[in-house]
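Take a look at the fold below.

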Amino acid sequence: MRQIPRGIWVLLAANVVIALGYGLIAPALPAFARSFNVSFTAASAVVSAFAVMRLLFAPATGRLVTIFGERRIYLIGLLVVAGSTFACAFAQGYWQLLLFRAAGGVGSTMFTVSAMALLIRMAPAEIRGRVSGFFSAGFLIGSITGPLIGSALVGFGLRMPFVVYSIALLIAAAVVATQLRDQGGRPDPTAGTQAGVIPFRIAVRNSTYRAILTSNFTQGWSSMGVRVAVVPLFITDGLDEGPAMAGIALAVYAAGNVAAIVVAGRLSDSYGRRRVMLPGLAIAAVSTAVLGLATNFVVVLLLCVVAGIGSGLFAPTHQAALADVLGNRQQGGSALAAYGMSSDLGAVSGPVVVGFVADRAGFGWAFTLTGIVAAVALAMWSFAAETAPAVVGGGPHLTEVDRDTTEPD
């Protein structure tokens with residue numbers, strides 16, 4: 001099997017640091033906001049501001065990547081988040097903290113969109129799934145270990161995690177700037193015909209791209225939104241268990257996630273994206289839909305690990321499919337930005353909608369709704385075209401996209 005290029009390993013390592021730091025400040029941020037004597041709603045707004053700015057700035061980021069290139073925007077994004085995080089550590093009031101954290105969301109979407117564009121161009125076609133699996137696993141590992149380190153750092157004060165994260169981001173930026181200098185601008189010659197940027201209005205004509213957006217929305221809604229915001233409430237308020245039990249449930253979900261991610265990428269490279277996506281979405285839909293009906297904590301743990309396996313199967317697989325769709329392009333442009341927005345939109349709207357349903361109709365209906373969201377993605381993938389080069393016999397066979405891909409984005 002073809003080896004992963006050195007430049008991709010640099011990006012993967014930086015991704016672990018970024019995810020580690022994001023989790024590192026998670027335990028401190030709400031408490032830090034509350035230290036300014038604001039309400040719970042105001043404290044939550046500091047967390048939401050980051051995600052909202054990611055969502056709002058994504059279209060502009062796609063354009064910036066097209067104009068200035070992935071590597072440059074990636075580095076600027078890292079520096080913006082490093083600077084804004086360091087500023088958070090010295091915020092003197094609530095509104096300063098809110099402003100600085102919102103600015104971090106702008107930088108976050110800059111390096112997220114550009115990192116995906118770099119991976120798409122640099123990953124050899126036959127190992128795109130494997131690379132996407134490592135990318136997802138790195139983010140997950142960082143997200144799991146980050147809160148543990150952050151909880152320890154809080155002992156030195158609520159501001160300390162922000163200082164440590166900003167320094168870690170500066171180190172990551174320095175490594176990328178020095179080690180990725182010659183890697184960012186060379187597309188992989190085996191990945192298909194080179195062409196200009198694919199606009200969103202062209203990419204969305206393709207059935208696989210539409211399915212990718214739907215499954216990425218599902219990922220944001222269920223894995224990044226509902227899992228973090230609503231599952232702990234279900235365990236503490238619905239099952240009358242302690243907060244520690246909620247942490248165990250999230251850890252079990254993460255364990256299932258990691259186990260599936262390790263093999264999902266390789267399987268999708270060998271057997272096709274659809275053959276991994278469809279069972280992954282089906283498992284996630286069913287296990288999530290019945291989660292709210294569970295009355296026993298052991299059953300909840302079992303369903304959490306099954307849902308984690310389902311999510312782990314489709315998360316890296318639709319990333320690889322996106323690389324198949326965009327092919328060996330110069331930059332992803334608005335088509336790539338829309339991909340990032342779909343996940344952020346799910347992460348922002350999922351907890352709000354599901355929380356509202358839980359208040360009005362109970363947790364059973366709330367998790368059923370999340371299962372329905374996954375089922376819609378499953379339906380979209382049922383009609384999507386296969387894109388894995390090993391299965392279709394070469395580069396992307398997406399003629400409805402390739403008709404017109406050289407026009408300005």
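Helix α12 passes helix α13 in a left-handed crossing. Keep in mind that this is a predicted model. Helix α12 covers residues 273-289, and helix α13 covers residues 297-326. Their axes come within 7 Å. They cross at roughly 145 degrees.

Which residues of α12 meet α13? They are R273, V276, M277, G280, L281, I283, A284, S287 and T288. On the α13 side, the partners include L303, V306, A307, G310 and F314. Further along α13, they include T317, H318, A320, A321 and D324. The residues of this contact divide into 12 nonpolar, seven polar and two charged.

Now step back to the whole chain. It has 17 helices and zero strands. Of its 409 residues, 55% count as buried. The accessible surface comes to about 16,300 Å². Carbon and sulfur atoms hold 69% of that surface. Take the contacts in the chain with a separation of 6 or more: residues 24 or more positions apart account for 87% of them.

Next, go inside. In soluble globular proteins, nonpolar side chains tend to be buried together. In this model, the largest nonpolar core has 78 residues. Within this core, Y74, L97 and L322 touch the most other members. Helix α5, residues 94-122, gives the largest share of the core, with 15 residues. What does L97 touch, once residues up to four places away in sequence are not counted? The list is L29, F32, A33, F36, V46, C88 and A91. There is also a second, separate core of 24 residues. Among its members are V226, V231, A358 and F363.

Finally, compare two single residues. S136 is found in helix α6, which spans residues 128-153. Is S136 buried or exposed? It counts as buried, because its relative accessibility is 9% and the cut-off for buried is under 20%. Leaving aside neighbours within four places in sequence, S136 is in contact with I261, A315, P316 and Q319.

R6 sits in helix α1, residues 6-25. Its relative accessibility is 48%, so R6 counts as partly exposed. The cut-off for exposed is over 50%. How far apart are R6 and Q179 in sequence and in space? They are 173 residues apart in sequence. In space, C-alpha to C-alpha, R6 and Q179 are 8.9 Å apart.

Terms used:
Residues are numbered from 1 along each chain as its sequence is written. This is a predicted model: local features need pLDDT of at least 70, side-chain atom pairs count only at pLDDT 80 or more; totals for chains, interfaces and linings use all residues. Side-chain values use heavy atoms; hydrogens and water are left out. A nonpolar core is a set of buried Ala, Val, Leu, Ile, Met, Phe, Trp, Tyr and Cys residues joined through side-chain atoms within 4.5 Å. Buried means under 20% relative accessible area, exposed over 50%, partly exposed in between (1.4 Å probe, protein chains only). Helices (H or I, at least four residues) and strands (E, at least two) are DSSP runs, numbered from the N terminus. Contact means heavy atoms within 4.5 Å. Axes are lines fitted to C-alpha atoms, for helices over the stretch in contact, and angles run from 0 to 180 degrees between N-to-C directions. A crossing is left-handed if the near helix is turned anticlockwise from the far one by less than a right angle, and right-handed if clockwise. Ala, Val, Leu, Ile, Met, Phe, Trp, Tyr, Cys and Pro count as nonpolar, Asp, Glu, Lys and Arg as charged, and the others, Gly among them, as polar. Accessible areas come from the Shrake-Rupley method with a 1.4 Å probe; for residues, only the protein chains shown count as cover.
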